[in-house]
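Biologist: I would like to go through this model and ask what stands behind each label.

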Amino acid sequence: MNIILHSVTIFAFVLVFFEFFSFFFRKKKALKKLGEKKKNLLAKHSFSFLTLFVLSPMLIGLVYVKKIDFFPSIILYACAILALEIAMRDFTTKKLQGIYEKGFVINNKIILYADIIDFNPFAPKNNDDSDIAEDEQYIGTSRLDIATESKGLIFVDFSSIDEKEQFLDFYKNHISST
């Protein structure tokens, strides 16, 4: 049992190591999918990545040093690795946040324009030519609901009303016309 626990601990540290370096591959893959950056969006800074960056390997080391039983240690290793995975996704999307030629990144979500079905799908549609309906409860707020094919309904909260309006103008002028 001791050899198995040592093996699992080493495997957990290897996964943590690969998780740290997955950032470069994630960023490259996302940039390939999104195309050229057109505008920056304000990213909300979070220290959760730094905290989890330090605490995940420490948790694995602590479990190993404290000689916790096999099954609880497996659960704690899995928690540490999953927490680091969430932090890496957060870190990657924070670095990429902006409007691109094929999509945009905001609130830890990568959304492609080709995947967008409708904006504010529950809002009553106007009779005029505007293709983006405004739900009355969200007028004057930075929130936008986006219906997508692959991810369903996504709630996006821009950092300001102006940023939301800039995005909608960009979408109307550059994406809807193509």
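Biologist: What makes N108 count as partly exposed?

Modeller: The model is a predicted one, and the label rests on a computed value. N108 has 37% relative accessibility. Buried means under 20% and exposed means over 50%, so N108 at 37% counts as partly exposed.

Biologist: Where does N108 lie, and what is its phi?

Modeller: N108 is in the loop between β3 and β4. Its phi is near 65°, a positive value in a residue other than glycine. N107 belongs to the loop between β3 and β4 as well, and has a positive phi of about 50° although it is not a glycine.

Biologist: Why is N107 called partly exposed?

Modeller: The relative accessible area of N107 is 22%. Buried would require a value under 20%, so N107 at 22% is partly exposed.

Biologist: How do you know whether E19 is buried or exposed?

Modeller: E19 has a relative accessible area of 10%. The cut-off for buried is under 20%, therefore E19 is buried. The residue lies in helix α1. Leaving out residues up to four places away in sequence, E19 touches R26, L84, E85 and M88.

Biologist: And which label does L55 get?

Modeller: L55 is found in helix α2, residues 48-65. Its relative accessible area is 43%. Exposed needs over 50%, so L55 is partly exposed. L55 and A80 are 25 residues apart in sequence, with C-alpha atoms 7.9 Å apart in space.

Biologist: How do you know that the span of α4 agrees with its number of residues?

Modeller: Helix α4 has 15 residues, 161-175. At 1.5 Å a residue these should span 21 Å, and the end C-alpha atoms are 20 Å apart, which agrees.

Biologist: Which residues of α4 are buried, and why are they said to line one face?

Modeller: The buried residues of α4 are E163, K164, F167, L168, F170, Y171 and I175. Seen down the axis of α4, the buried residues fall within an arc of 160°, so they line one face of the helix. The face turned away from this buried side carries the exposed residues D162 and N173.

Biologist: What do the buried residues of α4 pack against?

Modeller: They pack against strands β1 (37-40), β2 (98-100), β3 (103-106), β5 (116-119) and β6 (143-148).

Biologist: What is the volume of the largest pocket, and which residues are closest to its centre?

Modeller: The volume of the largest pocket is about 380 Å³. It is lined by 13 residues, and the closest to its centre are R26, R89, T92, T93 and I110.

Biologist: Which elements supply the lining of the largest pocket, and which gives the most?

Modeller: At least two residues each come from α1 (2-34), α3 (70-96) and β4 (109-112). The most come from α3, with five residues. By class, the lining has seven charged, three polar and three nonpolar residues.

Biologist: How many helices and strands does the protein have, and what pattern do they follow?

Modeller: There are four helices and seven strands. Along the sequence the pattern is α-β-α-α-β-β-β-β-β-β-α.

Biologist: What are the figures for burial and for contacts in the protein?

Modeller: Of the 178 residues, 37% are buried. Among contacts with a separation of 6 or more, 67% are between residues 24 or more positions apart.

Conventions. Residues are numbered from 1 along each chain as its sequence is written. This is a predicted model: local features need pLDDT of at least 70, side-chain atom pairs count only at pLDDT 80 or more; totals for chains, interfaces and linings use all residues. Side-chain values use heavy atoms; hydrogens and water are left out. The expected span of a helix is 1.5 Å times one less than its number of residues. Buried means under 20% relative accessible area, exposed over 50%, partly exposed in between (1.4 Å probe, protein chains only). The arc is that of the directions from the helix axis to the C-beta atoms. Contact means heavy atoms within 4.5 Å. On a 1 Å grid over the protein atoms alone, a cavity is a set of points where a 1.4 Å probe fits but cannot get out, and a pocket is an open set with protein on both sides within 12 Å along at least five of seven lines; lining residues have an atom within 4 Å of a point. Grid points are joined across faces, edges and corners, and a volume is the space filled by probe spheres set on the points. Ala, Val, Leu, Ile, Met, Phe, Trp, Tyr, Cys and Pro count as nonpolar, Asp, Glu, Lys and Arg as charged, and the others, Gly among them, as polar.
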